[in-house]
Amino acid sequence: MTSDVQTEADNIREIERTRLRALVEADISAAKPLHADNFQLITPIGVALSRDEYLGAVAAGHIKYRVWEPGDIAVRLHGPVAVIRYRARLEVFFNGHAVPPAEYWHTDTYEHREGEWMVVWSQATAVGRQ
């Protein structure tokens, strides 16, 4: 990797960590600009949520992240598009019910828009017991 590409990959990793901290803290004013207007999340149970649905659920406490600890974040950078993938440990409350702590794979697509990187698509997959 050239130093410019490595620097940009490190920047994307830091943006993702910032996004996760904002979601755990339910800091919607910090999280919203990191999500594209047409953002879509596919949850581990296969539900598709728009940016407003997702961030609204976090703001209302319907989704409350207690812990979101990402492992190493792999970055594939292709011009104005980056795809990241990592495994993370999550503890979350969903509609007032504790979801047992678990590991998930996350795959996110970022796009560089108007001078900023923002997440466009996100998908989480539960890691099965091995």
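Me: Let's start with proline 70: what is its relative accessible area?
Reply: This is a predicted model, in which local features need pLDDT of at least 70 and side-chain atom pairs count only at pLDDT 80 or more, while totals for chains, interfaces and linings use all residues. Residues are numbered from 1 along each chain as its sequence is written, and side-chain values use heavy atoms, with hydrogens and water left out. On the scale used here, buried means under 20% relative accessible area, exposed means over 50%, and partly exposed is in between (1.4 Å probe, protein chains only). Proline 70 is partly exposed, because its relative accessible area is 28%.

Me: Where is proline 70, and which residues does it contact, leaving aside neighbours within four places in sequence?
Reply: Proline 70 belongs to strand E3, residues 63-70; strands (E, at least two residues) and helices (H or I, at least four) are DSSP runs, numbered from the N terminus. A contact means heavy atoms within 4.5 Å. With neighbours within four places in sequence set aside, proline 70 contacts Leu20, Tyr86, Arg87 and Ala88.

Me: Let's zoom out: what pattern of helices and strands does the protein follow?
Reply: The protein has 3 helices and 7 strands. Read along the sequence, they give the pattern α-α-β-β-α-β-β-β-β-β.

Me: What is the radius of gyration of the protein?
Reply: The C-alpha trace spans about 45 × 35 × 25 Å along its principal axes. The radius of gyration is taken over C-alpha atoms, and the globule rule is 2.2 Å times the number of residues to the power 0.38. For 130 residues, a compact globule would have a value near 14 Å, and the protein agrees with this, so the answer is 14 Å.

Me: Where is serine 122, and is it buried or exposed?
Reply: Serine 122 sits in strand E7, residues 116-126. Its contacts, not counting residues up to four places away in sequence, include Arg19, Phe39, Thr107 and Asp108. Between serine 122 and aspartate 108, the C-alpha distance is 4.3 Å, although they are 14 residues apart in sequence. Because its relative accessibility is 7%, serine 122 counts as buried.

Me: And alanine 98, is it buried or exposed?
Reply: Alanine 98 lies in strand E6. Leaving aside neighbours within four places in sequence, alanine 98 touches Val92 and Phe93. Its relative accessibility is 53%, so alanine 98 counts as exposed.

Me: What angle lies between the planes of the pair formed by tyrosine 65 and tryptophan 68?
Reply: The structure holds 2 aromatic pairs; rings of Phe, Tyr and Trp (its six-membered ring) pair if their centres lie within 6.5 Å, and planes under 30 degrees apart count as stacked, over 60 as edge-to-face and the rest as tilted. Tyrosine 65 is buried because its relative accessibility is 9%, and tryptophan 68 is buried because its value is 11%. Their rings are 4.7 Å apart, centre to centre, in a tilted pair whose planes make an angle of 45 degrees.

Me: What is the phi of alanine 26?
Reply: Most residues other than glycine have a negative phi. Alanine 26 sits in the loop between helix H1 (3-24) and helix H2 (28-31). Alanine 26 is not a glycine, yet its phi is positive, at about 55 degrees.

Me: In which loop is asparagine 95 found?
Reply: Asparagine 95 also has a positive phi, near 50 degrees. Its relative accessible area is 43%, which means that asparagine 95 is partly exposed. Asparagine 95 lies in the loop between strand E5 (81-94) and strand E6 (97-113).
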